[in-house]
Amino acid sequence: MKKLSLIIALLISTFSAFAQQPPMRLTTDAFADGTVIPLKYTQASPTGAVSPALTWTNVPPGTQSFVLWMHDVDLALNKTSEDNLHWLVWNIPSQNTSLPENVPAGSHLPDGSYQVSYAGPNYRGPGAPASGPLHHYVFELFALDIKMDEKPGSTVLETKTDIFKLMQGHILGKAAYAGLFHRPQ
């Protein structure tokens, strides 16, 4: 009976520790959550879009890597449920709690992570047309209990599909941050 009581007490304390873990947060100083994204970070920038610096906190225990996904949720590609992939970065090391501004182009980054977008192996800033409404661009960060040393596939859509399949059952936490944009008139 004492063993059963001890096991129950351990389970309760373990559950309480996880229940008290604050949710993971994703932030940037580039713009406030839910506001208009400055031109510097968009396709409308005269010098070319640069990725915003991103920071995250409250990383779940056991995290082995991160995946960052930026997409335009207001667009349906080719009459499918796929939206516009602006940036996918995976295998971000677990010790990282940020990405710097202007992450360099290249499919394999020095820290071991990989990146793709519909524009190539780089950040692709927002670019919604001026003639329509503001589009919602969402940065989503996933904390995983595995490393994802998966190389890019033959297409961006294949890569995204493969990464998202590999993530299933391994997501420890998630955070999101959104911005709005359409090109100036």
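Predicted model: local features only at pLDDT ≥ 70, side-chain atom pairs only at ≥ 80, totals over all residues.

Biologist: In which sense do β4 and β8 pair, parallel or antiparallel?

Modeller: β4 and β8 pair in the antiparallel sense, over 8 bridges. M70 stands opposite F139 in β8.

Biologist: How many bridges join β2 to β9?

Modeller: 2 bridges join them, and the two strands run parallel. V36 has L180 in β9 as its bridge partner.

Biologist: How many residues of β4 are buried?

Modeller: 8 of its 8 residues are buried, and β4 is mostly covered. Now read the two faces. S65, V67, W69 and H71 point one way from β4. F66, L68, M70 and D72 point the other way, and all are buried.

Biologist: Take N84 in strand β5. Is N84 buried or exposed?

Modeller: The cut-off for buried is under 20% relative accessible area. N84 has 10% relative accessibility, so N84 counts as buried.

Biologist: Which residues does N84 contact, leaving aside its neighbours within four places in sequence?

Modeller: N84 is in contact with M70, H71, D72, L75, L77, Y118 and R124.

**Aromatic rings**

Biologist: How do I describe a ring pair?

Modeller: A pair of aromatic rings is described by the distance of the centres and the angle of the planes. This structure holds 7 aromatic pairs. In one of them, the rings of F142 and F164 have centres 6.1 Å apart and planes at 80°, so the pair is edge-to-face.

Biologist: Which parts does the pair of F142 and F164 tie together?

Modeller: F142 lies in strand β8 and F164 in helix α2, so the pair ties together parts 22 residues apart in sequence. F142 is buried, with a relative accessible area of 6%. F164 also counts as buried, at 17% relative accessibility.

Biologist: What lies over the face of F164?

Modeller: K160 does, at 5.0 Å from the ring centre.

Biologist: Which residues do ring pairs link into a cluster?

Modeller: F31, F139 and Y177. F139 is also the residue in β8 that M70 stands opposite.

**Backbone angles**

Biologist: What should I look for in phi?

Modeller: Most residues other than glycine have a negative phi. N58 has a positive phi of about 60° although it is not a glycine. N58 sits in the loop between β3 (54-57) and β4. At 30% relative accessibility, N58 counts as partly exposed.

Biologist: And N91, where is that residue found?

Modeller: N91 is found in strand β5. Phi of N91 is near 65°, a positive value in a residue other than glycine. N91 counts as buried, at 11% relative accessibility.

Conventions
Residues numbered from 1 in each chain as written. Heavy atoms only, no water. Pairing = 2+ DSSP bridges. Helix = DSSP H or I, 4+ residues; strand = E, 2+ residues; numbered from the N terminus. Buried < 20%, exposed > 50% of the residue type's maximum accessible area, 1.4 Å probe, protein only. Contact = heavy atoms within 4.5 Å. Phe/Tyr/Trp six-rings, centres within 6.5 Å; stacked < 30°, edge-to-face > 60°. Lys NZ or Arg CZ within 6 Å of the ring centre and 35° of its normal.
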